Amino acid sequence: MLRPIHADALAAPLLAGLVFVVLGCASSPAPKPDATAVQPNFVIVFADDLGWGDLSSYGHPTIRTPNLDRLAAEGQRWTQFYVAAPVCSPSRGALLTGRHPLRTGLYGRKSGVLFPGDEGGMPADEITLAEALRDLGYRTGMVGKWHLGDRPEHSPLDHGFDSFFGTPYSNDMMWTIDRSDRTRVIDAYRNPRNEYWNLPIYRNRDVVEQPAQQETLTRRYAEEAVAFVRDPDPRPFFLYLAHAMPHMPLFRSAEAAGRSAGGVYGDVIEEIDWSVGEITAALAAAGRDRDTLVVFTSDNGPWRLFRQHAGSAGPLRDGKATTWEGGARVPGVFWWPGKIQPGLIHDLGSAMDLFATMVGLAGGAVPADRVLDSLDLAPVLLGTGPSPRDELSYYRDGELFAYRVGMWKAHFLTEGAYGEGPPRTAHDPPLLYDLGDDPGETVDVAAANPEVVARIRARAEEDRRGLEEKAPIFDLGKAP
């Protein structure tokens, strides 16, 4: 197969793969579920490059997202929810495995963007959430963007999914135009046509369309998801819907075009919101809504390079591919009628935590033969206790860039995204921000809080020791 070329390589020849991790713990092997217990269904809707501030329930002034707003009002809206990496493949790999991208090898390189196939894609010995749930009696389906390997052996069907309809990678791969002309490439992004990218769509292992008619992707993915929900199979199910949008280039259907006050980008987000409404309506019609946990989030923050065609991180700083809050903090909406304790949640959570949370709710336990970085968020969802997560670590290209303890966040290294913004800079003492008082990371308070800096440095060193065989070591005590 031709090796795909990602736009990130154009926008960021110096891009270092950035990963974010929170360390958790392993437990005993998964037991057989209690035959008397009702196992919930699970639906994860994963947007691509949607920012923290892109939904009206998260404060966007013009984009209308009534379906997601209803889920947030009836369920939980998390204000401090994170993905495991502010770039695509490691974020997706960590969600599905509950493991740090450095443990799986799904992370970037300094030389440019890593395509999963270059390092073997999702390793065969990793246990995905789909595999864990299928072992507990679930039927599993994936719709949308995979981006965890494009070779035949890397199909979602080889990693726990019973069915797959979607693309093997991002919607801007497999260019057909001359990419040496940067002006033409930028214009192609802003005025896209399907023939600019030879993007394939797969049904299971077969290509059924190439190039993909991208203006129909969101709508067709919704239709596939609804069909999966309506399947009369009585087994519990796990559906992973990974939308192609709003990753550039932006496409939306004729039905959605021109409807949003937020412009083209708003049209795209509102069509994703429509898709969520179709899925929840199908769940209700099938009588399965009260037995289903639905989670909506994004793979990373907004791709700020594209200005008005990019999303918003709200009050957070920067976006995709950075270790600032706008890169890794994303919307987190949880909905499970009659089960979730509704509320606005300020606890820390990660998309990596969905692994332990869902396996636990299904009556299983996470694998004991490997380190898991996933923590169980069920106490928060069910209203029985706080989140077990109170620390976060942020890695870029295998180096620890930043670390958070409680509301305090220290940056040891900073770097702009995709060749834009400030170059790589080491900080000694590190930059320190109080995210409770200053979520936009605007005022460095390190000088006034040396004891906090020392405490975070010690915790960061301890965190990193668990990864030093995988990650290059950066001296947190001395700036190079």
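Helix α6 (residues 182-190) has three residues listed as buried, Val 185, Ala 188 and Tyr 189, where buried means under 20% relative accessible area, exposed over 50% and partly exposed in between (1.4 Å probe, protein chains only). Seen down the axis of α6, these buried residues fall within an arc of 100°, so they line one face of the helix; the arc is that of the directions from the helix axis to the C-beta atoms. This is a predicted model, in which local features need pLDDT of at least 70, side-chain atom pairs count only at pLDDT 80 or more, and totals for chains, interfaces and linings use all residues. Residues are numbered from 1 along each chain as its sequence is written, and side-chain values use heavy atoms, with hydrogens and water left out.

**The end of α6**

- Asp 181 caps the N-terminal end of α6, with a side-chain oxygen 3.1 Å from the backbone nitrogen of Thr 183.
- A polar contact is a pair of N or O atoms within 3.5 Å; within protein, one must be able to donate a hydrogen and the other to accept it, and residues adjacent in sequence count only if both atoms are side-chain atoms.

**The whole chain**

- The chain has 12 helices and 15 strands, which are DSSP runs numbered from the N terminus (helices: H or I, at least four residues; strands: E, at least two).
- Of its 480 residues, 62% count as buried.
- Among contacts (heavy atoms within 4.5 Å) between residues at least 6 apart in sequence, 72% join residues at least 24 apart.

**Helices α2 and α8**

- Helix α2 (residues 66-74) packs against helix α8 (residues 263-285) at an angle of about 60°, and their axes are 7 Å apart.
- The two helices are therefore oblique to each other; angles under 35 degrees count as roughly parallel, over 145 as roughly antiparallel, 65 to 115 as roughly perpendicular and the rest as oblique.
- Pro 66, Asn 67, Leu 68, Arg 70 and Leu 71 of α2 meet Asp 273, Trp 274, Val 276, Gly 277 and Thr 280 of α8.

- Asp 369 lies in the loop between α10 (353-361) and α11 (378-381), and counts as exposed at 58% relative accessibility.
- The side chain of Asp 369 makes a polar contact with the side chain of Arg 370 (2.9 Å).
- Glu 441 lies in the loop between β15 (425-434) and α12 (450-465), and counts as buried at 0% relative accessibility.
- The side chain of Glu 441 reaches the backbone nitrogen of Glu 325 at 2.8 Å.
- Leaving aside residues up to four places away in sequence, Glu 441 touches several others, including Arg 317, Trp 324, Lys 409 and His 411.

Definitions and conventions: Axes fitted to C-alpha atoms, helices over the stretch in contact; angles between N-to-C directions.
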